[in-house]
Amino acid sequence: MKISVVRDILEANERIADQNRDLFNEHGLLVLNLMSSPGAGKTTLLEKTIEALKDDLKMGVIEGDIQSSQDAERIAAKGIPVVQINTGGACHLDGNMIRDTFGEFNFQDLDLMVVENVGNLVCPAEFKVGEDFKVMILSVTEGDDKPAKYPLMFHESSVLLINKIDLLPYVDCSIDKIKEESLKINPDLTIFDVSCKTGEGLDGWFDWLRKRAQAGAAA
Ligand code: MG
Ligand code: ZN
């Protein structure tokens, strides 16, 4: 009984997410669902990405947090249209919450929408919001056991950014182990080693984004 209830919720969400996706596609908009645990560097990655790609891509951001608008304020300071969703306790975003923001954006003016999900390695991976790709960040301070412990997120993501590599000398974390175990779960995963603080490795991520956005606009 419990299982069928959960499945109903996920199926209902999937229908709404598909409708969101159709609308995004109509506008040739590339949409990313950005996920990680709290503090892995989602908002900092967005700040760096906006700075690097501002002249190439017109970006919008949807910020999901349980509470506060601090992240949306950081994005707004970069001159990008942004809407903050406060889930009021819910630990993930869903299709409905994203749909509720649509009145706040001019989709025809945008090339790329990034949905920054609530910091959580568990259920954001289960609830689609209408994205083309799921992108996850794992920082080296979280440890190299995370693929084994939270396999669904690694399985569902198209891109894994291993962040905070500037801290590797100070933590017991093997990037090789992260990669090996992630690729066992998801052989198609594209992985970038990055430091959002120093900027190391971010060029590969920017190129990936440019290519995907161009393909989205062409489609
Ligand atoms: Mg954030
Ligand atoms: Zn949740």
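Leaving aside its neighbours within four places in sequence, which residues is A90 in contact with?

A: In this predicted model, A90 is in contact with I66, M97 and V118, once the neighbours within four places in sequence are set aside. The residue itself sits in the loop that runs between strand 3 (82-86) and helix 4 (95-99). A90 has a relative accessible area of 28%, and it counts as partly exposed because that class covers values between the limit of 20% for buried and that of 50% for exposed.

The zinc site comes next. The zinc ion (ligand 2) is coordinated by C91 through SG, by H92 through ND1 and by C123 through SG, with distances of 2.0 to 2.2 Å, and along the chain these donors follow the spacing C-H-x30-C.

The magnesium ion (ligand 1) is coordinated by T43 (OG1), D71 (OD) and E116 (OE), at 2.1 Å, and the spacing of its donors along the chain is T-x27-D-x44-E. Within this set, the pair of T43 in helix 2 (residues 42-53) and D71 in helix 3 (residues 70-76) links distant parts of the chain, the two residues being 28 apart. T43 is buried, with a relative accessible area of 6%, and D71 is likewise buried, with a value of 15%.

S68, found in the loop between strand 2 (59-65) and helix 3, has a phi near 80°, which is a positive value in a residue other than glycine; at 29% relative accessibility, S68 counts as partly exposed. K164, in the loop between strand 6 (159-163) and helix 7 (175-185), also has a positive phi for a residue other than glycine, here near 70°, and K164 is partly exposed, with a relative accessible area of 21%.

As for the chain that holds these sites, it has eight helices and seven strands, and its C-alpha trace spans about 50 × 45 × 35 Å along the principal axes. With 219 residues, a compact globule would have a radius of gyration near 17 Å, and the 17 Å of the protein chain agrees with this. Of the 219 residues, 49% count as buried, and among contacts between residues at least 6 apart in sequence, 72% join residues at least 24 apart. The protein chain exposes about 10400 Å², of which carbon and sulfur atoms supply 49%. Finally, the protein chain has 23 positive and 37 negative side chains, and the centres of the two sets lie 2 Å apart.

How values were computed:
Residues numbered from 1 in each chain as written. Chains lettered and ligands numbered in written order. Heavy atoms only, no water. Helix = DSSP H or I, 4+ residues; strand = E, 2+ residues; numbered from the N terminus. Rg over C-alpha atoms; globule rule 2.2 N^0.38 Å. Buried < 20%, exposed > 50% of the residue type's maximum accessible area, 1.4 Å probe, protein only. Contact = heavy atoms within 4.5 Å. Areas by Shrake-Rupley, 256 points an atom, 1.4 Å probe, with all protein chains shown as cover. Lys, Arg positive; Asp, Glu negative; His and termini not counted. Charge placed at Lys NZ, Arg CZ, Asp CG, Glu CD. Donors = N, O, S within 2.8 Å, 3.2 Å for Na, K, Ca; no water.
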